[in-house]
Amino acid sequence: MKQVDELPMRFKTVDAENGRSVKAWTIAWVVTCALAAFGTRILWDFATIPTIVGVLINLTVGFFWVLAIVKQVNAMDELQPEIFLDAAATTLGVGVVCGLSYELLEDIRLISFQPEIPHLVLLMCLTFMASRILGYRRYR
Amino acid sequence: MKNRLKVLRAERDWTQAQLADRLAVSRQTVNALETGKFDPSLPLAFKAARLFALSIEDIFQDDAQ
């Protein structure tokens, strides 16, 4: 039997590499998002061409970010996608239910400010992270 | 589903991480299998059977049996 160190490509190595890739693309996406949002106001004063380029870069990086996540999920072992799917389902449910209620709050005049999508995105991110942590704790 | 993974691993003096490496899964998966919180897929059951040179039935038993 081969020793552990001689095994060709260890699962946790691949998993860690994919994790690093997702992290890098996440950071890149946030940076390009900030560039598209604030660069337009601060750096090029709403000039059309740089604004379009900024948005296209953001979309392209976002596309590669999604591909990195898909690659990570495809390389997971059989328990991890179950945890991921549970977290994704919880996030979708929380996003839809809370998003619609949040929007309704303004319509029925319970809040005076305009509901913002970033608030919902933040809630969904926190829900996803908490669900994944709880999922891993459940099988620890 | 019950299984003898923990016993078989202990007989070979392997850690959960070493068994995980040999089965190409995460250590959490090995732990979840050993504690009966998670049932393996058929390919993973075959892989475990090959690794321990046993039949699947020698490693995994249905709770109803």
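Mentor: We start with one residue, A:T32, and then widen the view. This is a predicted model: local features need pLDDT of at least 70, side-chain atom pairs count only at pLDDT 80 or more, and totals for chains, interfaces and linings use all residues, while side-chain values use heavy atoms, leaving out hydrogens and water. Residues are numbered from 1 along each chain as its sequence is written, and chains are lettered from A and ligands numbered from 1 in the order in which they are written.

A:T32 sits in helix α1 (residues 11–42) of chain A. Helices (H or I, at least four residues) and strands (E, at least two) are DSSP runs, numbered from the N terminus. A:T32 counts as buried because its relative accessibility is 10%. Buried means under 20% relative accessible area, exposed over 50%, partly exposed in between (1.4 Å probe, protein chains only).

Now its neighbours. Leaving out residues up to four places away in sequence, A:T32 touches A:I57, A:N58 and A:V61. Contact means heavy atoms within 4.5 Å. With A:N58 there is also a side-chain polar contact of 3.0 Å. A polar contact is a pair of N or O atoms within 3.5 Å; within protein, one must be able to donate a hydrogen and the other to accept it, and residues adjacent in sequence count only if both atoms are side-chain atoms.

pLDDT is the predictor's confidence in each residue, from 0 to 100. Over residues 1–8 of chain A, the pLDDT is below 50. That stretch still has 14 contacts in the model beyond near neighbours in sequence.

Next, look where the chains meet. In chain A, 16 residues are in contact with 18 residues of chain B. The area buried between them is about 1,500 Å², with 57% given by carbon and sulfur atoms. Buried area is the accessible area (1.4 Å probe) that two parts lose on being put together, summed over both. Five residue pairs are in polar contact between chain A and chain B, both at pLDDT 80 or more. On the side of chain A that touches chain B, α3 (80–107) and α4 (117–138) of chain A give two or more residues. Between the chains, the count of salt bridges is zero. A salt bridge is a side-chain nitrogen of Lys or Arg within 4 Å of a carboxyl oxygen of Asp or Glu.
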